Amino acid sequence: MKKLQLIICLIGLLVCFTSCLDKSESDEIKLVTADEMQSILEMEDVQLVDVRTPEEYQEVRIANAQNIDFLSPTFDEDIEKLDKEKPVILYCKGGHRSAKCAKKMKEAGFEKVYDLEGGISKWEHSEKLKIEVKS
């Protein structure tokens, strides 16, 4: 009888442990290539956010992106102005700031967050590129 109770207890712990490890797709930050991002932009109503500094944003940016500077002291308040239920695509220059931003946005309750792999540096070399350059 004690062995049966122990087995049931172990099975219960195993089920609990493995269910904690399973993450739904909505809990994940999806790293996307430039081609995948272009498809998402065409198929979904998304919020495209450039997390670089305003100076970087003025030099070159992806068309229709809004600038929310990750390094700004008002960053947390600025992202609260976005719709948490609407997908967000983030990018920076090389992918480091956007990865940190994506994590912060998931913690803030955003449901679907995409991060452009390699940032605008990779996007500039994509054949599907829609970019704005300011002089």
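In what order do the five strands of the open sheet stand? I found the order 1-6-5-2-4, with parallel pairing. Strands here are DSSP runs (E, at least two residues), helices likewise (H or I, at least four), numbered from the N terminus; two strands pair if DSSP finds at least two bridges between them.

A note on the source: this is a predicted model, where local features need pLDDT of at least 70 and side-chain atom pairs count only at pLDDT 80 or more, while totals for chains, interfaces and linings use all residues. Residues are numbered from 1 along each chain as its sequence is written, and side-chain values use heavy atoms, leaving out hydrogens and water.

Then I looked at strand 5, which pairs with strand 6 (residues 113-116) in the parallel sense over three bridges. Ile-89 stands opposite Tyr-114 in strand 6.

Leu-90 also belongs to strand 5 (residues 88-91). I noted a relative accessible area of 0% for Leu-90, so it is buried (under 20%; exposed is over 50%, partly exposed in between, with a 1.4 Å probe and protein chains only). Among the residues Leu-90 touches are Val-49, Cys-101 and Met-105 (contact means heavy atoms within 4.5 Å).

Last, I looked up Arg-61: its charged end sits over the ring of Tyr-57, 4.3 Å from the ring centre (the cut-offs are NZ of Lys or CZ of Arg within 6 Å of the ring centre and within 35 degrees of the ring normal).

Note on methods: Lists of a residue's contacts leave out its neighbours within four places in sequence.
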